Amino acid sequence: MNRRIPVAGPWITQREIDYVTDAVTHSWYGQANSYNQRFEKAFADYLEVPHAISLPSCTSGIHLALAAMDIGPGDEVIVPEITWIATSAPIRYVGATPVFADVDPTTWCLSPASLESLITPRTRAVIVVDLYGNVADYDAILAITAKHGLRVIEDAAEAMGATHRKRRAGSFGDAAVFSFHGSKTLTTAEGGMLVLHDRKLLDRVNFLRDHGRKAGDVSFENSEVAFKYKMTSLQAALGLAQLERIEELIARKRQAFQWYADRLGDLPGIRLNNPGPEVEAVYWMVSPIWDEGLGFTATELQDALAAHGIDTRPFFKPLSSLPAYRHLPGMEDCPRRNPASYRLRNLGINLPSSLMLTEDDADFVCAKVREFFTANA
Ligand SMILES: *Cc1c(COP(=O)(O)O)cnc(C)c1O
């Protein structure tokens with residue numbers, strides 16, 4: 001076996017190399033922030049939102065959003081079970097309590113009915129996830145959050161470029177976050193963006209992310225203990241170059257999904273990413289799930305593919321089932337309360353979805369998946 005087919009990874013061209021080289025050469029002194037400003041402006045324009053703040057990660061964006069919304073001890077934040085732990089971890093950073101909701105079995109995004117059933121007088125906010133490049137059902141979700149006066153944080157880390165009724169993922173929440181980790185559709189190696197609509201929230205975020213001081217402060221008179229969350233200019237230069245190529249990055253993600261759909265779509269008992277109505281997905285990870293009746297687990301399929309040099313990931317497991325959370329009060333109710341999330345456990349994987357995937361790679365991966373299904377289903 002001479003090479004492995006990676007599960008995720010970026011598409012870097014001379015443009016990215018030129019911008020980063022320019023940043024490391026010139027982005028100092030009076031120009032220190034120029035790439036951050038250009039990247040933020042271009043990003044906000046792309047999403048058609050007023051404010052975008054470049055950050056060291058998506059996780060830091062969720063932390064800042066919660067802190068700026070003054071969410072803390074005694075408050076509950078509802079979050080779907082099926083997501084990367086980065087979505088929920090910042091709820092603990094601010095001392096609030098995560099409440100895990102079920103996902104829709106088709107779109108794998110937050111179930112509006114589950115959300116509504118979990119609202120209590122202590123609920124302050126909801127973090128909605130646009131999972132694997134689908135977009136959640138914001139028509140239903142925003143109607144519920146408006147009725148109950150809840151803040152909405154949209155985790156669009158996996159949905160760069162996806163749309164719902166032509167509106168882009170990341171434009172729905174009071175706050176929205178993106179990740180530019182090396183595995184994501186647009187990368188800055190590590191990095192993130194926080195998108196905001198409200199000027200007051202923006203001012204508070206800028207205060208909190210710079211050790212509790214006002215913009216332009218040079219007096220070192222910090223008025224609160226806060227955080228230090230900034231993206232470097234080198235990362236911003238990389239991000240700007242990637243953003244200028246966003247249509248081509250998205251087209252490749254969609255192409256990869258189509259290759260898989262054409263080759264696996266007819267396998268009985270298997271389903272690929274299924275965006276909701278009015279959604280144009282970007283398929284961050286092409287993710288087959290299969291019927292329980294087929295009788296094999298994700299690990300078995302992953303091991304079989306790994307033997308052929310094919311790297312995969314398991315579908316996210318319910319957060320309430322993880323060692324990080326399962327000892328907490330109330331977690332024992334989650335398997336019964338969130339059946340769709342628990343059904344997905346062990347019955348789905350992410351196939352190789354890097355931006356460098358070729359049609360030959362997809363042919364090879366699909367042939368091996370079909371072999372496995374034929375032998376084991
Ligand atoms: C990648 C990812 C994150 C975390 O992003 P970081 O930049 O690593 O902090 C958060 N939420 C989701 C849904 C993700 O996929």
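This section describes the nonpolar cores and the ligand surroundings in a predicted model.

The largest nonpolar core comprises 95 residues. Phe39, Phe43, Leu131, Phe178, Tyr260, Trp290 and Phe373 are the residues with the most contacts inside this core. Helix H9, spanning residues 246–264, supplies its largest share, with eight residues. Residues of this core come from both domain 1 (14–243) and domain 2 (246–376), so the core lies between the two domains.

Leu131 was examined individually as one of the residues with the most contacts inside the core. When residues up to four places away in sequence are not counted, Leu131 touches Ile82, Thr83, Trp108, Cys109, Glu158, Phe315 and Phe316. Another core lies apart from the largest one and contains 38 residues. Leu64, Leu208, Met331 and Tyr342 are among the members of this other core.

The ligand has 14 residues around it, of which Thr59, Asp155, Glu158, Ser179 and Lys184 come nearest. A backbone N or O atom of Cys58 is placed 3.0 Å from a ligand oxygen atom. In the side chain of Asp155, an N or O atom lies 2.7 Å from a nitrogen atom of the ligand. For Glu158, the distance between a side-chain N or O atom and an oxygen atom of the ligand is 2.5 Å. The protein buries 92% of the 380 Å² that the ligand exposes when taken alone.

Definitions and conventions: Residues are numbered from 1 along each chain as its sequence is written. This is a predicted model: local features need pLDDT of at least 70, side-chain atom pairs count only at pLDDT 80 or more; totals for chains, interfaces and linings use all residues. Side-chain values use heavy atoms; hydrogens and water are left out. A nonpolar core is a set of buried Ala, Val, Leu, Ile, Met, Phe, Trp, Tyr and Cys residues joined through side-chain atoms within 4.5 Å. Buried means under 20% relative accessible area, exposed over 50%, partly exposed in between (1.4 Å probe, protein chains only). Helices (H or I, at least four residues) and strands (E, at least two) are DSSP runs, numbered from the N terminus. Domain bounds come from an automatic or database domain assignment. Contact means heavy atoms within 4.5 Å. A residue is near a molecule or strand if one of its heavy atoms lies within 4 Å of it. A polar contact is a pair of N or O atoms within 3.5 Å; within protein, one must be able to donate a hydrogen and the other to accept it, and residues adjacent in sequence count only if both atoms are side-chain atoms. Accessible areas come from the Shrake-Rupley method with a 1.4 Å probe; for residues, only the protein chains shown count as cover.
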